[in-house]
Amino acid sequence: MIEEGILAKVNAGEMLPLMEEFYTIQGEGFHKGTAAYFIRVGGCDVGCHWCDVKESWNAATHPPTDVKQIVDNAAKYSDTIVITGGEPLTWDMSFITSELKKRGLKIHIETSGAYPLTGQWDWICLSPKKLKLPTEEIYKKAHELKVIVFNQHDLKFAEEQAAKVNENCILYLQPEWSKRDKVIPMIVDYVMQHPKWKVSLQTHKYLNIP
Ligand SMILES: C[S@@+](CC[C@H](N)C(=O)[O-])C[C@H]1O[C@@H](n2cnc3c(N)ncnc32)[C@H](O)[C@@H]1O
Ligand SMILES: Nc1nc2[nH]cc(C(=O)O)c2c(=O)[nH]1
Ligand code: SF4
Ligand SMILES: [Mg+2]
């Protein structure tokens with residue numbers, strides 16, 4: 001059983017279940033190729049069958065960690081911090097982002113948008129999932145839309161999602177990793193026929209870095 005005081009701090013966003021943190025190169029989307037410090041917060045109940053971090057799902061397996069400690073450490077590594085998960089918006093992101101802001105850091109989020117948007121963000125990567133659609137408000141605020149393509153139907157889903165984002169939002173199709181050999185040719189054709197889209201690859205997996 002988790003102690004009451006800790007639970008209160010987690011609910012306030014002053015502690016978060018931390019799965020892992022690492023300094024690496026953003027592999028995906030608009031900031032691909034740029035060094036950044038990643039904070040991976042545990043907890044997600046969206047349930048994507050192809051999720052590449054299923055170990056993150058159960059928040060109870062990740063130790064509640066003091067946010068100030070996470071932030072002080074992160075600041076040593078990079079001026080750009082990516083908060084991912086799990087689903088970071090499971091938790092209140094207000095405290096961690098205000099602490100990061102105090103230190104003048106750029107803050108990015110990787111999110112499905114399935115829960116209300118909390119926190120202040122310099123960059124929002126919205127990767128919507130059919131199983132739990134994003135909240136209406138995040139479509140207006142997303143800087144990039146990154147739809148994972150597992151099969152043909154996902155291209156239709158991608159268009160439905162693109163119809164909901166703001167006009168400045170950059171549109172990406174990213175192959176689901178295990179299906180990449182089959183899906184990459186499909187994405188390449190699609191992007192050439194519908195050039196408002198761009199290709200995003202999980203380049204860190206080709207580079208063999210975290
Ligand atoms: C693990 S998720 C964590 C953040 C958040 N839960 C989300 O889904 O956006 C980080 C990114 O990896 C993508 N992703 C997860 N599994 C993938 C896979 N097998 N192939 C390609 N992209 C994947 C997600 O869509 C998301 O853009
Ligand atoms: N290098 C690297 N880039 C990433 N971009 C998004 C990631 C994520 O899991 O959220 C990720 C990741 O896990 N590693
Ligand atoms: S929403 Fe993100 S973390 Fe959750 S299952 Fe889907 S890809 Fe994995
Ligand atoms: Mg990843």
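# Contacts, cores and ligand shells

Modeller: Let's start with Cys48, which touches Lys129 and Leu131 once residues up to four places away in sequence are set aside.

Biologist: What makes two residues count as being in contact?

Modeller: Their C-beta atoms, placed from the backbone, must lie within 7 Å. A word on the ground rules: this is a predicted model, where local features need pLDDT of at least 70 and side-chain atom pairs count only at pLDDT 80 or more, while totals for chains, interfaces and linings use all residues. Residues are numbered from 1 along each chain as its sequence is written, and chains are lettered from A and ligands numbered from 1 in the order in which they are written.

Biologist: What pLDDT does the chain average?

Modeller: The average is 98, and 100% of the residues score at least 70; pLDDT is the predictor's confidence in each residue, from 0 to 100. For the complex, the predictor gives an ipTM of 0.99 and a pTM of 0.99.

Biologist: Back to Cys48, then. Why is Cys48 called partly exposed?

Modeller: A residue is buried if 20 or more other C-beta atoms, placed from the backbone, lie within 10 Å of its own, exposed if 12 or fewer, and partly exposed in between. Cys48 has 19 C-beta neighbours inside 10 Å, so Cys48 falls in between. Cys51 counts as partly exposed too, because Cys51 has 16 C-beta neighbours inside 10 Å.

Biologist: Where is Cys48 placed?

Modeller: In the loop between strand S2 (35-41) and strand S3 (64-66). Cys51 is also placed in the loop between S2 and S3. Helices (H or I, at least four residues) and strands (E, at least two) are DSSP runs, numbered from the N terminus.

Biologist: Which residues are around ligand 2?

Modeller: They include Gly27, Thr84, His204 and Pro210. That shell has two nonpolar, five polar and two charged residues. The unreviewed UniProt entry lists Thr84 and Pro210 for "binding site", along with Ile25, Gln26, Gly27 and Arg40.

Biologist: What makes Thr84 partly exposed?

Modeller: Thr84 has 19 other C-beta atoms within 10 Å, so Thr84 counts as partly exposed. Thr84 is placed in strand S4, and, leaving aside neighbours within four places in sequence, is in contact with Phe38, Arg40 and Glu110. Pro210, in the segment after H7, is partly exposed because 14 other C-beta atoms lie within 10 Å. Beyond four places in sequence, Pro210 is in contact with Phe22, Thr24 and His204.

Biologist: How many residues surround ligand 1?

Modeller: There are 18, and the closest are Asp52, Glu110, Ser112, Ser127 and Trp177. S4, S5 and strand S7 (144-149) each supply at least two residues of this shell, which has six nonpolar, seven polar and five charged residues.

Biologist: What makes a set of residues a nonpolar core?

Modeller: The set must consist of buried Ala, Val, Leu, Ile, Met, Phe, Trp, Tyr and Cys residues joined through C-beta atoms within 7 Å. Of the 43 residues in the largest such core, Ile81, Ile83 and Ile96 touch the most other members. S2 gives the most to this core, with five residues.

Biologist: Which residues does Ile96 touch?

Modeller: Not counting residues up to four places away in sequence, Ile96 touches Gly13, Leu16, Val67, Val71, Ile83 and Gly119. Ile96 is one of the buried residues of helix H3 (residues 94-102), with Phe95, Thr97, Glu99 and Leu100. The buried residues of H3 pack against strand S1 (15-25), helix H2 (67-75), strand S4 (80-85) and strand S5 (106-111).

Conventions
Near = placed C-beta within 6 Å. Nonpolar A, V, L, I, M, F, W, Y, C, P; charged D, E, K, R; others polar. UniProt positions renumbered as here; feature names shortened; annotations may be inferred.
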